[in-house]
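Biologist: Please take a close look at the aromatic pairs here. Which rings pair, and how are they placed?

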Amino acid sequence: MRMLPVPDGLDGMRVDAGLAKLLGLSRTVIAELAESGDVLLDGRPAGKSDRLAAGGLLEVTLPEPDNQVEVVAEPVEGLRILHDDEDIVVVSKPVGVAVHPSPGWTGPTVVGGLAAAGLRISTSGAAERQGVVHRLDAGTTGVMVVAKSEHAYTVLKRAFKQRTVEKGYHAVVQGHPDPTRGTIDAPIDRHPRHDYKFAVVAGGRPSVTHYEVTEAFRAASLVDIRLETGRTHQIRVHFAALRHPCVGDLTYGADPVLARKLGLTRQWLHARRLAFAHPADGRWVEFEAPYPDDLAHALEILRAD
């Protein structure tokens, strides 16, 4: 039996999504626990789609740990270390690499790659995601930071929660957004019909994306993006809602013909820049990750078209 107060960061989330984050279990396992009456919220049985409220009390009867996820230390091709000191390591994550292990994921991970490189990271957090203070989708490339010291973990988690970290992305989206500079303020939650997707839905979690078109092509636009919030799939969902999905993002309605023309097998989305106060002394630090080969090649084709 685990008794857990609902943290502020999970306020408004579904029970299955929130508990998956808290306990490091899959949403499917949490849903099964809820259906069996093993999840109580403020003393009452909670359904998987019920909403969490900050300060509430969760009581969970956990199953036997028969399928725990372990970190496997193995080299990750293309994982570049941009900066390394006693408190943090900043990397450029390649495509097809998850940040940490999870049930059902058998591919490479950032934490596994760092372990294989002999880097010690913070022991804070769930066992399989120790040191992880933010994440990128497996299909999204770019810059991310991992905490090496316990102090850095605490400081960076707080910084991401308080939105003092600057997160800059570049995306190539279909068509030409109008206006060319603006803010997308639309709530996001799990898609009502497709559990593997997210969508703009009434009552979802507040989500804010600032953007500016920096280069226009015949069929697409290069967009500089700054995230105010950091929801799962936020950029992909917001631009799809504007009918300007990321090029190559077939999950969210991108044109497969254009994707093939550009040689893309995933969305054109890259975490370009990350800036924050260094947890050791508070000095402002900035890091950039160059475009990977597949995105750079697609950009060349668009510019030549």
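Modeller: First, a term: buried means under 20% relative accessible area, exposed over 50%, and partly exposed in between, with a 1.4 Å probe and protein chains only. This is a predicted model, where local features need pLDDT of at least 70, side-chain atom pairs count only at pLDDT 80 or more, and totals for chains, interfaces and linings use all residues. Residues are numbered from 1 along each chain as its sequence is written, and side-chain values use heavy atoms, with hydrogens and water left out.

Rings of Phe, Tyr and Trp (its six-membered ring) pair if their centres lie within 6.5 Å; planes under 30 degrees apart are stacked, over 60 edge-to-face, the rest tilted. The whole structure holds 3 aromatic pairs. One of them joins Tyr 211 and Phe 239: the centres are 5.6 Å apart and the planes stand at 75°, so this pair is edge-to-face. Tyr 211 sits in strand β12 (residues 208-216) and Phe 239 in helix α5 (residues 234-241), so the contact ties together parts 28 residues apart in sequence. Helices (H or I, at least four residues) and strands (E, at least two) are DSSP runs, numbered from the N terminus. Phe 239 is buried at 0% relative accessibility. Tyr 211 is buried too, at 7%.

Phe 276 and Phe 287 form a tilted pair, 6.0 Å centre to centre, with 35° between the planes. Phe 276 belongs to strand β14 (residues 269-277) and Phe 287 to strand β15 (residues 284-288), so this pair links parts 11 residues apart in sequence. Phe 276 is buried at 1% relative accessibility. Phe 287 is buried at 12%.
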